[in-house]
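Subject: Handing over the structure

Hello,

Here is the structure I promised to pass on to you. Have a look at it first, and then read on for what turned up.

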Amino acid sequence: MRTTSRITATAVAAAVGMSALAACGASGGGSADAKTVTLVSHDSFNVSKSVLAAFEKESGYKVRILKGGDAGKAVNQAILSKGNPQGDVFFGIDNTLLSRGLHEGLFTPYRAKGLDKVPAALQLDKGEHRVTPLDYGDICVNYDRGYFARHKIAPPKSFDDLLEPRYKGLLVTENSATSSPGLAFQLGTIAKYGQDGWQGYWKKLKANGVEVVDGWEQAYNDRFSGSAAGKGKGDKPLVVSYASSPPAEVLGKKPAPEEAPTGVAAGTCFRQIEFGGLLKGAKNEKGGKALLDFLVSRKFQEDVPLQMFVNPAREDAKVPQLFTKYGTTIDKPTTLPPETITKNREQWIKQWSSLVLK
């Protein structure tokens, strides 16, 4: 799902002690023994060393972590190895890929302890508990405050605004076929304009000079003028990123600014929810259940924001001041049912590619 944590990877390491995780690698085979539990995830998974160590001490399990590329690649690998999974628990399947994972039968049902503290709106598989919601974030257009202040132009607020002539040539987004944020932005337009209207919207957006690049890192760090990592070398003051990108831009800055240097167009957001699940065929099912309980626990949930720059799923988890002061709360994000996404995803991507890339 997520690449926001790359914005300040170095700053996070210095400021909050990003851990060298228990183990990372590409070998499969699941947990080696009853004392080891293996978590399979995407490359953006992180947890504080102290938080992970506390779970290992309390549970008696040693956690082994296997990272398998971006979320799409990791899910594909889980499907290819189903029945003989690489690990015991999968972290990071989101609502754009969820129905595919459920259809493939990747998970064994388990109701994790603490699930009652997770809002019903996030529990997309609440009837069967094959997966557990663990965090959520919003894909939105971000803007460079400095650019718009210098040019005395109000930044966009909505999808419709992006079509206005004053924003011509200012937006960079990611390729829907190669990028999770790019796909989420496309899904946001489908949710907004419907299956009969989204292609017309993209024709207008293309005519208004939208630029498309392969992935988030290129869009944000290379092309976006508001990226600290890019040192302002980009010439696009609008980029498809995350509602949590502004807090990431502020992390580690001294003195702390009054507001983040980047803002969020709140009317352009699509909500992503990440889930974890006990992999069917897990060699350490007991340890996997304990690990899922840990991932829902307040201790882990309160570690999530500064480690992965997303919101915790638990409604009683405290969110750090960095998020509350500099972040943007998205009250009405666009969404689509996972089964609708699964049914149409490949067709939508092909249609988008034909329309926008040619």
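This is a predicted model: local features need pLDDT of at least 70, side-chain atom pairs count only at pLDDT 80 or more; totals for chains, interfaces and linings use all residues.

Residues are numbered from 1 along each chain as its sequence is written, and side-chain values use heavy atoms, with hydrogens and water left out.

Two strands pair if DSSP finds at least two bridges between them. Strand 1 pairs with strand 2 (residues 62-67) in the parallel sense over 6 bridges, and Val 40 has Leu 66 as its bridge partner there. Strand 1 also runs parallel to strand 3 (residues 89-94), joined by 3 bridges; here Val 40 stands opposite Phe 90.

Together, strand 1, helix 2 (residues 49-59) and strand 2 form a right-handed β-α-β unit. Right-handed means that, with the strands pointing away from the viewer, the path from the first strand over the helix to the second runs clockwise.

Ser 41 belongs to strand 1 and is buried, with a relative accessible area of 0%. A polar atom of the Ser 41 side chain lies 2.9 Å from the backbone oxygen of Phe 91. That is a polar contact (a pair of N or O atoms within 3.5 Å; within protein, one must be able to donate a hydrogen and the other to accept it, and residues adjacent in sequence count only if both atoms are side-chain atoms). Contact in general means heavy atoms within 4.5 Å. Not counting residues up to four places away in sequence, Ser 41 touches Leu 66, Lys 67, Gly 68, Ala 74 and Phe 91.

The cores

In soluble globular proteins, nonpolar side chains tend to be buried together. A nonpolar core here is a set of buried Ala, Val, Leu, Ile, Met, Phe, Trp, Tyr and Cys residues joined through side-chain atoms within 4.5 Å. The largest has 47 residues, of which Phe 90, Leu 295 and Phe 300 touch the most other members. Apart from it lies another core, of 39 residues, among them Leu 170, Leu 183, Phe 185 and Val 210.

Strand 6, helix 6 and the loop between

Strand 6 (171-174) is covered on both faces: Leu 171 and Thr 173 on one side and Val 172 and Glu 174 on the other are all buried. Strand 6 pairs in the parallel sense with strand 7 (residues 211-213) over 3 bridges and with strand 8 (residues 238-242) over 2 bridges.

The loop from strand 6 to helix 6 holds Asn 175. Is Asn 175 buried or exposed? Asn 175 is buried, with a relative accessible area of 9%. Its side chain reaches the backbone nitrogen of Ala 177 at 2.8 Å. Leaving aside neighbours within four places in sequence, Asn 175 is in contact with residues including Gly 182, Asp 214 and Trp 352.

Helix 6 (residues 180-193) has 14 residues and reaches 20 Å from its first C-alpha to its last, close to the 20 Å expected. The expected span is 1.5 Å times one less than the number of residues. Ser 179 caps the N-terminal end of helix 6, with a side-chain oxygen 3.2 Å from the backbone nitrogen of Gly 182. Just after helix 6, Gly 194 takes a positive phi of about 85 degrees.

Methods
Helices (H or I, at least four residues) and strands (E, at least two) are DSSP runs, numbered from the N terminus. Buried means under 20% relative accessible area, exposed over 50%, partly exposed in between (1.4 Å probe, protein chains only).
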